Amino acid sequence: MDFRLAHPELEHRWLDLSYYDLVQDPLATVEIVYDHFRWDLEPRAVAAMDDWLIQQSRHRRSEPRHRYELADYGLTPGDVDKAFARYRDFITDRGIHQPRL
């Protein structure tokens with residue numbers, strides 16, 4: 001964040017995305033990335049990504065779900081909020097607010 005704030009002339013090289021948006025609609029998020037960087041998104045690549053998402057969806061339904069708790073790592077929600085407060089403010093200021101889990 002410090003580097004980025006110190007070099008506004010490089011802002012075009014950055015793209016802030018919400019992980020929640022990526023999970024909710026991966027292909028739309030990929031389109032945003034390609035548009036931002038002015039890359040060509042070929043139909044063949046979209047089809048391959050779509051196929052991969054279908055395969056992953058099938059695979060995930062058959063595997064056991066992982067459950068993680070902050071306490072497993074000796075952390076509390078307050079610890080995490082404090083550690084990431086500056087970053088959370090940074091992304092919120094840019095309209096990329098990610099709700100606390």
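Q: Where does helix H5 bend, and by how much?

A: The bend at a residue is the angle between axes fitted to the seven residues ending there and the seven starting there. Helix H5 covers residues 77-93, and its bend of about 60° falls at phenylalanine 84. Helices here are DSSP runs (H or I, at least four residues; strands are E, at least two), numbered from the N terminus. Just after H5 comes glycine 95, with a positive phi of about 80°.

Q: What kind of model is this, and how are its residues numbered?

A: It is a predicted model, in which local features need pLDDT of at least 70 and side-chain atom pairs count only at pLDDT 80 or more, while totals for chains, interfaces and linings use all residues. Residues are numbered from 1 along each chain as its sequence is written, and side-chain values use heavy atoms, with hydrogens and water left out.

Q: How many helices and how many strands does the protein have?

A: The protein has five helices and zero strands. Read from the N terminus, its elements run α-α-α-α-α. Its radius of gyration is 18 Å, well over the 13 Å that the globule rule gives for 101 residues, so the protein is more spread out than a compact globule. That radius is taken over C-alpha atoms, and the rule is 2.2 Å times the number of residues to the power 0.38. Along the principal axes, the C-alpha atoms fill a box of roughly 45 × 45 × 20 Å.

Q: How many aromatic pairs are found, and how is a pair described?

A: A pair of aromatic rings is described by the distance of the centres and the angle of the planes. A search of the whole structure finds three aromatic pairs. In one of them, tyrosine 34 and tryptophan 39 have ring centres 5.4 Å apart and planes at 85°, so that pair is edge-to-face. Phenylalanine 37 and tryptophan 39 have ring centres 5.1 Å apart and planes at 25°, so that pair is stacked. Rings of Phe, Tyr and Trp (its six-membered ring) pair if their centres lie within 6.5 Å; planes under 30 degrees apart are stacked, over 60 edge-to-face, and the rest tilted. Ring pairs link Tyr34, Phe37 and Trp39 into a cluster.

Q: Which residue lies over the face of phenylalanine 90?

A: Arginine 94 does, at 3.8 Å from the ring centre. A charge sits over a ring if NZ of Lys or CZ of Arg is within 6 Å of the ring centre and within 35 degrees of the ring normal.

Q: Where is serine 18, and is it buried or exposed?

A: Serine 18 is in the loop between helix H1 (2-6) and helix H2 (19-24). Its relative accessible area is 9%, so serine 18 is buried. Its side chain reaches the backbone nitrogen of tyrosine 20 at 3.1 Å. Buried residues make up 8% of the 101 residues in the protein.

Q: How far apart are alanine 6 and isoleucine 96?

A: They are 90 residues apart in sequence and 20 Å apart in space, C-alpha to C-alpha. Alanine 6 is in helix H1 and is exposed, at 51% relative accessibility.

Technical notes:
Buried < 20%, exposed > 50% of the residue type's maximum accessible area, 1.4 Å probe, protein only. Polar contact = N/O pair within 3.5 Å; in protein donor to acceptor, adjacent residues only side chain to side chain.
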